[in-house]
Amino acid sequence: MSVKLASRLVRTRLIIMAAVLALAGLLATAGQGGSAGAATVGTEHAAAVTGTGSAKPTIVLVHGAWADSGSWNAVIGLLQRAGYTVYAPPNPLEGLAIDTGTLAGFLHPIKGPVVLVGHSYGGEVITNAATGDSQVKALVYVDAYLPEQGEDLVDLTTAGSCFAVQDQSTVFSFVADPVSPSGMVAYVKPTVFPGCFANGLPASVGAVLAATQRPLATSTFTDQSGVPAWQTIPSWAVVGTADRIITPVEQLFMANRAHAHITEINAPHLSMITDPGVVASVIIQAAQATS
């Protein structure tokens, strides 16, 4: 083999090797992306669990009843672009004790400060899960319940709410569920969901959310809340003045009782979908206050 041919073969092999390494790098980057509704993985996950990397707090988003983590997608994107590690774990919706225990277990391996955010019923979950957890430095309530000890969802769903009705069968469909601890779960009727739960959104979007809703264990309605974390942890509240599930009056009463920093916004119950920029901004305010 001539020296010229051998040199050409060496260059060819080097080009091929460089291309392979570049492709591997692209695949690794793509594999770390994940969906916006899922927990952040890869290097960000390692930093949050080990306490290395960014000094910014980890943000954990908790969805409410009849929803899933995808309801946070737009907010997650904004927070990630601002450099935060974000998780949006599934809320089981199997009753307050199970849901609280599940969230507390999720928080346990995370090292460093945490900002805990809850929407709607998720507010009750974070109120209980953060109690006694020294790593949770801020609570953010988005169109949410901020219960006092001994209160339940029925107590706090007051006159003016679509759900405050004498005959609950006009609002909910009750379905036997042998897997649920309560043996029964509730769905919001598809005729009620768009104009009540998802008011402010296009009817077509509300119809999709109604079709994909996750059921709530009926015991959750009357599960009594425990010692509230907001007694000792600084709190923020986003209050949607067009909310038809938790009335603005009730939200303001609970937020003021908790001495929360309040942001009122002309938004419905799903403000994290209609106004993700405002919601993300309040969460970042809470996160910056932890430093």
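The buried residues of helix 5 are Tyr121, Gly122, Gly123, Glu124, Val125, Ile126, Thr127, Asn128 and Ala129, where buried denotes under 20% relative accessible area, exposed over 50% and partly exposed in between (1.4 Å probe, protein chains only). Helix 5, residues 121–129, is thus mostly covered, with 9 of its 9 residues buried. These buried residues pack against strand 1 (58–62), helix 4 (96–107), strand 3 (114–119), strand 4, helix 6 and strand 7 (216–217), contact being defined as heavy atoms within 4.5 Å. Helices (H or I, at least four residues) and strands (E, at least two) are DSSP runs numbered from the N terminus.

The model is predicted, with local features requiring pLDDT of at least 70 and side-chain atom pairs pLDDT 80 or more, whereas totals for chains, interfaces and linings use all residues. Residues are numbered from 1 along each chain as its sequence is written, and side-chain values use heavy atoms, with hydrogens and water left out.

An open sheet is formed by 6 strands in the order 2-1-3-4-8-9, with parallel pairing; two strands pair if DSSP finds at least two bridges between them. Strand 2 (86–87) and strand 9 (261–265) lie at the edges with a single partner strand each, so one side of each has no neighbour in the sheet. Strand 4 (residues 136–142) is joined to strand 8 (residues 235–240) by 4 bridges, and Tyr141 has Ala237 as its bridge partner in strand 8.

The count of salt bridges (a side-chain nitrogen of Lys or Arg within 4 Å of a carboxyl oxygen of Asp or Glu) comes to 1. Glu151 pairs with Arg257, the closest N and O atoms being 3.0 Å apart. Glu151 is buried at 17% relative accessibility, while Arg257 is partly exposed at 22%.
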